[in-house]
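Have the model open beside you as you read.

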Amino acid sequence: MGKAARLFNGTAEQTLYGRVTPTAEQREVLQTQWNALADHLKEQLAAWGYPISTWLQGSYKYGTLIKPVHKGEEYDVDVGVYFEWNPGDVDISPTPAQLRHWVQRELVEYRQSNPDVERVEEPPKERCSRVTYQRQFHIDTPTYHLNRGTDERRLACLSGKWENSDPKALYKWFKNAIGSDNREQLRRLVRYLKGWAAVAFEEAPASRPSSILLTVLTTEAFSEMWGARLLGIADDDALVAVIESMYVRMHKDRRVRNPVDRDEDLNRISDEAWDAFLTRLTVLRDAAQMSSDAEDEAGAALAWAGAFSFLMPLPETDELEVVEHLSGRALMQIPEIQVQVFDSERKSLLATHMNEVPAVGRNQALTFTIVNRQVIPDFAAIEWTVRNDGTEADYLGDLGHASGGIGMFSVDERTAYVGKHYMDCIIRCNGSVFSARRIPVFISADVRALAKPVQRNWTRLRTRRGRRR
Ligand SMILES: [Mg+2]
């Protein structure tokens, strides 16, 4: 049980949790900025004569925020802006469009005085305005009318309607759904699934489940697992169970009622996009099943990587040999990979390495080539996955990418971020892993400063092929 738990949230060099969760420093940058923006809005908007308050909502509030995982993506922070009045006390009250206009105007004003702000989205979205910052994040400002007497909130839409929407009630539900002993684990489970949604729907963005949809599905599935929670369950095992529950539920009935407003369906994926969602959920469920059937950590990690791609860390090893269940014989030899280092224009060859790149500068071109092609079975899929690590890659939210195909014996890359990264080459036949090689790539700001690499021994991990069902 919990075969991949060390790689999910344990002592491994890299963990899935660590890869998707913002660091304390990253959270602090966000917090400073939303505090400053909230203060500005409260002060300036008070001029309209209504008490103004703000309330952090969304992933940050829930403790389920994840890092941007692809280059160009941003952290998403939501700060609600509340105009307070009691409808019985006033003759005329502002319209939704008016509130939205006031807030948008203050944001544009704010941009003039804050060099960290890159732009204010124009025109604003139907349900919020958006301020985009230089440092890889944006803040959304949904705007509400608050009636303190009845404790009711409604969202001001740009098109002029009020929408019944109470982020506070849903947050309360989330906080009370699970006892405090298990709340952190629930938050981790939500983060894993948000990481999955970030990588699995790159080609099908209309089918991507929203954060709130995943949060409610995970919470409802986890709250039914009271026995497992009581006894304690490893993150990967809990995730298998949550995915199974989601899979069954979504195939049966796609509606996901808002737990605090039964009339609202939180599933906003359109009919046209629904099949592509189910297909990807099936891939995730298959990965979960295969990880359960795996014999060891490496087998489980490789299974999970089928759904989490470059986000899922692999065990710390150079070579991974898959052995037949009964005989203990290796299914195939490990691929030997030559790495050529070129200058940025690919004009001159600077160095050639085997199976690792002990030192390389930034902005150089690399070519990885399998040299013992004869060991690769016909029609095997050759997967090349880059797993970036280190603060530079993290800062830009570029955690990796993957490519591959039958007969793809070679792949080109570029070096960008200082740190230790991996190129992982995985050979799959009919969906099951036959062997893998991990090629560490050490990228340095100043290559000359590095000592000459010493000859080292390669570490080899053996994994038993999972029993066929
Ligand atoms: Mg948002």
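## Helices and a domain boundary

Helix 7, helix 10 and helix 12 are among the elements that cover the buried residues of helix 11; contact here means heavy atoms within 4.5 Å, and buried means under 20% relative accessible area, with a 1.4 Å probe and protein chains only. Helices (H or I, at least four residues) and strands (E, at least two) are DSSP runs, numbered from the N terminus.

Before going further, please note that this is a predicted model, in which local features need pLDDT of at least 70 and side-chain atom pairs count only at pLDDT 80 or more, while totals for chains, interfaces and linings use all residues. Residues are numbered from 1 along each chain as its sequence is written, and side-chain values use heavy atoms, with hydrogens and water left out.

The buried residues of helix 11 include A273, W274, F277, L278 and L281. Helix 8 is largely enclosed by the rest of the structure, because 10 of its 14 residues are buried. Those buried positions include L213, L214, T215 and F222. Among the elements covering them are helix 6 (167-177), helix 7 (180-200), helix 10 (235-252) and strand 9 (257-258).

In helix 10 you will find D235, which counts as buried because its relative accessibility is 6%. Leaving aside neighbours within four places in sequence, D235 is in contact with F8, N9, Q185, R188, L189 and Y192.

Now for the domains, whose bounds come from an automatic or database domain assignment: domain 1 (24-169), domain 2 (177-308) and domain 3 (317-464). Domain 2 and domain 3 bury about 650 Å² between them, 64% of it on carbon and sulfur atoms; buried area is the accessible area (1.4 Å probe) that two parts lose on being put together, summed over both. In domain 2, E295, A298 and L302 lose the most area to domain 3, together 64% of what that side buries. Helix 12 (residues 297-308) gives the most to this side of domain 2, with 5 residues.

Technical notes. Buried < 20%, exposed > 50% of the residue type's maximum accessible area, 1.4 Å probe, protein only.
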